[in-house]
Amino acid sequence: MTTASSASAETRAATAALEVIGAVEPRVAAAIRAELADQRAALKLIASENYASPAVLLAMGNWLSDKYAEGTIARRFYAGCANVDTLETIAAEHARTVFGAAHAYVQPHSGIDANLVAFWAVLADRVETPALERAQARHVNDLTDEDWAALRRELGEQRLLGMSLDAGGHLTHGFRPNISGKMFDQRSYGVDPATGLIDYAMVRDIAREFRPLILLAGYSAYPRLINFATMREIADEVGAVLMVDMAHFAGLVAGKVLVGDHDPVPHAHIVSTTTHKTLRGPRGGMVLCQPELAEQVDRGCPMVLGGPLPHVIAAKAVALAEAGTPAFRDYARQVVDNAAALADGLLRRSVALVTGGTSNHLALIDVSIYGLTGRQAEAALLDAGIVTNRNAIPRDPNGAWYTSGIRVGTPALTTRGLGTGEMDQVADLIHTVLTHTQPTAGSKARYTLDAALAAKLSQSAADLLAPFPLYPTIDLG
Ligand code: PLP
């Protein structure tokens, strides 16, 4: 809870930090200041962004950054890690409590890193350990050159089944240009062409035929819920590990909006996440897992991760403490209510949404009915003071660069305090931009939007945000 004295402490801390930084490189202090001004001015609908609390932000700006702590709690490759051990223990404890997880590994520097840790933990448990046992070796260094070559081949032959990029999956879920597509023999499942929803019977059919080592569920741009109990049934039937990447919806899990079959933690063998999206923590990642994978997960650093970032781990601990509060549950519920209100407002104005709406924190607008690409719509919306990102829609004819979709999400605006009433006004602004933007013939990037109208809409966006100041406790004068 923010009190008058904590508010002034936050202002003092931010002001002092900028003074100290500015004394060394004034341009850096100026850019940090400018970023706050930009964030305050933006009507931010980027579904993967949020605003962390001052406590989370301040936990990162200190001397914890000076410490090397490769390894894991109480098993470090460096001396003098007692305080890092304390912080990592606190963060992991909060993570286990908030998510009801058996084990939590809080070191990954980002979501992509968390996925790599998870992939390699599964590969080690399911492929490397049995190979060592067969060779009666304790360590890979004890293998003969032939056995080692055979193990490397076996690791390279493993299969990953994840959601396709254009259906809403993430590029780390087996997309060929990404390392995940190069590491694994990969196949993907899409969505039902008629409904845009995951077709579990189809996932099951592909899994039966492909027999993946890892069945991966999770998304960056799927506006509906996933039934993780069904996904686990499918994984069990084909002997796969169920991995869930909850990067986008971790805050909805922590806030107990996603429960039962929609909570991945009790169903998955292993769960990866970011900490900075709906979870509202520092930029970073995390892995939760069942006990049998814990030892391999804890090998993340230095297996695939560089040295831990103790200052970010401290901030994760603060954010996870926040995520365990009743206020965070209210926040998570409001995120979903706001997304539903935004989707309703768009649908009432005949804006097309993939799957016809949303059940989570995001919606995916199909802008092709306006003759626009996602790239044109994204730029026109920005002209009107609305920050979004373009996103492919299922079977997108414009590919992943130009796209035909705009992804909108409510985590950030909800943190600012906007509610369902404001969401209708946001929908109106979006609709006005989309219906007044003309694509330039022959171009997927150029467009025209009347400058006076864009200025008027920007002013409306600013007026809408005015009663909801961002970081109200930080007054930089
Ligand atoms: N996984 C999913 C589902 C994501 O949406 C993202 C980011 O957008 C990531 C992983 C990667 O997270 P990061 O950018 O922190 O590496």
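**View 1. The shell around the ligand, by residue class.** The shell residues divide into 3 nonpolar, 7 polar and 2 charged. Here Ala, Val, Leu, Ile, Met, Phe, Trp, Tyr, Cys and Pro count as nonpolar, Asp, Glu, Lys and Arg as charged, and the others, Gly among them, as polar. The model is predicted: local features need pLDDT of at least 70, side-chain atom pairs need 80 or more, and totals for chains, interfaces and linings use all residues. Numbering starts from 1 along each chain as its sequence is written, and side-chain values use heavy atoms, without hydrogens or water. Among the surrounding residues are His 170, Tyr 219, Thr 274 and His 276 (a heavy atom within 4 Å).

View 2. A polar side-chain atom of Asp 245 lies 2.6 Å from a ligand nitrogen. Ligand oxygen atoms are 2.7 Å from a side-chain N or O of Ser 220 and 2.8 Å from one of Lys 277. The protein covers 84% of the 390 Å² of accessible area that the ligand has on its own (Shrake-Rupley method, 1.4 Å probe).

**View 3. The open sheet of 7 strands**. Its order is S4-S10-S9-S8-S7-S5-S6, with mixed pairing. Strands are DSSP runs of at least two E residues, helices of at least four H or I, numbered from the N terminus; pairing takes at least two DSSP bridges. S4 (103-105) and S6 (185-189) are the edges; each has a single partner strand, so one side of each lacks a neighbour in the sheet.

**View 4. The S5 and S6 pair.** Strand S5 (residues 159-163) runs parallel to S6, joined by 5 bridges. Arg 159 stands opposite Asp 185 in S6.

Key: Polar contact = N/O pair within 3.5 Å; in protein donor to acceptor, adjacent residues only side chain to side chain.
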